[in-house]
Amino acid sequence: MNDNPTPNPDAESAARRKKAYKKSLNLPRTSFPMRANLRQNEPASLERWRRMDLYPRVVERARERGGEPFVFHDGPPYANGSIHVGHLLNKVLKDFVVRSRNMAGRPCPFVPGWDCHGLPIEHRVMSELLASGKLEAIQALDDDRRRMAIRRACARYAGKYKGIQSSQIERLLTLADYDDPYLTMTPAYERAVLEVFAELLDQGLVYRALKPVHWSIANQTALAEAELEYRERRDPSVYVAFEADSPAAVAAAFGVRFDPGDPAPAFLIWTTTPWTLPANMLIAVEPGFRYALVRAGDRLLVIARQRLEAVAAAAGFEPAIVAETDGASLVGLTYRHPLHDWPAFPDHRGRIVAADYVTVDDGTGLVHTATGHGHEDFETGLREGVPVYCPVRADGTYDDTVPEWLRGVEVWEANRTVVERLRASGHLLYDEPYVHSYPHDWRSKTPVIFRCTEQWFIAVDRPTRRDRRSLRQLALAAIDDVRFVPGWGYNRLRGMLEARPDWCISRQRAWGLPIPAFRCPDGSLLLTAASVRAVAEVVAAEGSDAWFTRAPAELLAAYDPAQDPQAPPGLVVGELRKTYDIFDVWFESGSSWNAVMRQRELGYPCDLYLEGSDQHRGWFQTSLLPALGATGQAPFRSLLTHGFMVDKEGRKMSKSVGNTLEVEDLLARFGADVCRWWVSSLAYENEMKVDLSFFEVAGESYRKVRNTLRFLLSNLADFTPQDGVDLATLPPTSLDAYALAAASELRRQVLEAYERFAFRRAHLLLYDFTSETLSSFYLDAVKDRLYCDRPDSARRRATQSVMWRLVELLTTLLAPILPHTADEAWRSLKGDEACVHLEPFAALDHRADPGWERVVEVRGTVRKALEEAKAGGLDNPLDAGVVVADPDGRLAPFAGELADVFGVSRVALAAEGPAVEIQDLRGEPRCERSWRRDATVALRRDGGWLSDRDAEVLGLL
């Protein structure tokens, strides 16, 4: 039935006619290839952009558009190793911001940075020196020469990986000032850090004290909270009996009398760090809790009443309560140490003290207190006038103040040794393995300890001299005015600020910016705002190496003690000696708002900081606190955080597990645009799963978008804007008007998504528009007019005019996400010298008849009916006609477009009848050129069957 009733022409004539018909079609042509070949073509785009000096031109174009600048600051990654998928996520998200803001007319300069100092780099360098056999010779040098040798090696290492990472990040097609990045090891940057430090000194916020700090045994340095990561660790959980010094005093506290044969009462403590027991100085109780005196076998134990049943069940004894009393009655009682008699403090006696941090959530309600090994322990010791006792050396071994059997033993080995000693002496009631979350040095991955040492601190609860409010108060007030994306970041940061201790800013390493403190002959220290500023002048000229190569008098050449009200009386600069603590690397990176944004006059405060969610306790805090101390103002107006990558099973990405993906491999296989398209698809606010198969899915999705662009471009081969029509004259009921209206709404929603950093929404909007609104609807509907109408027909030129605008709009909207592909399409449209990244988002604001909503609804019903008709053999929609019920006449204004919209040969509207009726037209003649079976198809003089439209194009009408 598909063959037209013809007078049986000869086969040769029919073949010539078919060839002529095909040649007469306006078939697509474009230089925009179907295969992206991103691996080869993206580097060519990068080279082209470098040659045209793209970055400064983009920012300058945005300035010319007159929008308000968008101040965006890059948090510095460590110049240590190659980038990983976390970097890919972070840097691409930032690039979405940079590109979208500049295209929106808000100039957004972006200076990339690298954190070049600190333990991560020194740790790697020391490992390499050890492996190469060079470390022994370096360690034999005197202190300053040894430190300089290490520093030179670290500087080379940091410089090398800065270069590697810069190339890798640029290969992600990111737009930034790669010719002039910021490095925390440059003299100008170091000077700016010292300027911030001097301001904090001026505000009275810096002090030195003996306090317990997180201590890395592996790297023998203090650590800040931001340098910790928490991992599960198995430790001994022990219940230890500390015998009372005076049984009679215990009896009196409980209001009982002991018989002569009764065992001595003991205070039962619980700890998961047996290695700290040799340093015990006190036991803390909560005065308001009830405590029980309990018979446990042949023991008399004191334990919190609320913990009795749980402890008895764990230790396996049947408790018999002798008496109860309040914790307040126990305060002042004394006890004997189960391991020694405090040889370092002959006059000391352990005693029970009150503390409000004692809980009954676990343990025994009596807290073992080692004043040198915990914040609360330390504060309790100060309050009680008890010495700070820290018998553990920097390398994690015990010193000579402990009993001989423990001297030189490493603390983790001491866990076992102490437990066995207590078991042998009868003081151990019960022990078991205990798995808990424990802080580890994030670089060495080894457990840390609390250890009391002298360090430099920034106080968070001292009032500033400027407005008499503390940094904590200032920070909690400041974040109320900060926009958080996602919103839960506010509570996370607020909770951390409320709980954080004073900031330990000193480290005992070589590679970093020295804290410029000098020691006086009497042992006191010189560290004032004026002395720091004098040293900063030398550092600005020579870099921080000057601290190790210059004498104190040279470092303080610009310092006059007589003009410094904070200088010690009678100070003689020539008698000073340098100290060698360096700054916490977080203080350096946390001063970047001054060293980069203010020094380069890029704007302050910043509109946005964008980093991983771990930076609530890292860079966000360590930027906020110095900025508030130095300027009284928060350095950022908005904080955007993204989650972290895990594999598809939800496991952390780790080389040891074998589930990592190398960025260079992803770029080689998929190209940067596909990787960026994948990033834009992510709900970045929370943890994100990553797998190679996800990139493959992103590649398929990308190809659909690319093919839509290719179809649009291929149908503009014979079109220039001069051939176009005035889009304002399009009838609102036309299919072209519908496409423009849909594109206008797309533009509005995508720009809103970019403004809100909702990149996944932008991705979905763009993908749905290209694959559904365009490919499946509009472009499918206009194929007939594009291919079969006369090339310069008004209808075809109108559609081409719309398609030109669609390419302009889509390429500019896609440019922040797919910079290579968008530029490739733009050049195909505008010429090789054009560049989409110098353009604003294309303008478009078009309206269509609201009746299109009804047309689209009916189209769905027709498509479903056509699908059902396939069961009867009606496979080709062009073999069908459709009768649609239109009782209210709402479809009548669109009658001329309905056949194309429904994809059939003809459409009739009926005042009544079924909603949709499918007509089988296979018995009627078919146009041999367009394959349509409309009512005008007739036999023409060339022997072919053609519709009036097709006959007119061929001059046969």
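Start with the lining of the largest cavity: by class, seven of its residues are nonpolar, two are polar and four are charged. The cavity itself has a volume of about 80 Å³, and it sits in a predicted model. In total, the structure holds two cavities of 30 Å³ or more.

**The largest cavity**

- There are 13 residues lining this cavity, and the closest to its centre are Gly118, Leu119, Glu227, Arg507 and Val585.

- Among the lining residues you'll find Lys91, Lys94, Asp95 and Val98.
- The lining also includes Asp74, Phe110, Pro112, Ile169, Thr174, Leu175, Ala176 and Tyr178.

**The nonpolar cores**

- The largest nonpolar core has 152 residues.
- If you want to know which residues have the most contacts inside that core, look at Phe72, Met645, Trp677, Trp678, Phe757, Leu766 and Tyr778.
- Helix α25 (residues 759-788) gives the most to this core, with 15 residues.
- There's also a second, separate core of 78 residues, and Ile479, Phe518, Leu576 and Met597 are among its members.

**Who Phe757 touches**

- Phe757 is one of the residues with the most contacts inside the largest core.
- Setting aside neighbours within four places in sequence, Phe757 is in contact with Phe70, Val97, Leu608, Leu640 and Tyr684, among others.

**Helix α22, tucked away**

- Nine of the nine residues of helix α22 (residues 672-680) are buried, so this helix is largely enclosed by the rest of the structure.
- The buried residues of α22 include Trp677 and Trp678, and both of these are also among the residues with the most contacts inside the largest core.
- Asp673 and Arg676 are buried in α22 too, as is Ser680.
- Ala672, Val674, Cys675 and Val679 are the other buried residues of this helix.

Notes. Residues are numbered from 1 along each chain as its sequence is written. This is a predicted model: local features need pLDDT of at least 70, side-chain atom pairs count only at pLDDT 80 or more; totals for chains, interfaces and linings use all residues. Side-chain values use heavy atoms; hydrogens and water are left out. A nonpolar core is a set of buried Ala, Val, Leu, Ile, Met, Phe, Trp, Tyr and Cys residues joined through side-chain atoms within 4.5 Å. Buried means under 20% relative accessible area, exposed over 50%, partly exposed in between (1.4 Å probe, protein chains only). Helices (H or I, at least four residues) and strands (E, at least two) are DSSP runs, numbered from the N terminus. Contact means heavy atoms within 4.5 Å. On a 1 Å grid over the protein atoms alone, a cavity is a set of points where a 1.4 Å probe fits but cannot get out, and a pocket is an open set with protein on both sides within 12 Å along at least five of seven lines; lining residues have an atom within 4 Å of a point. Grid points are joined across faces, edges and corners, and a volume is the space filled by probe spheres set on the points. Ala, Val, Leu, Ile, Met, Phe, Trp, Tyr, Cys and Pro count as nonpolar, Asp, Glu, Lys and Arg as charged, and the others, Gly among them, as polar.
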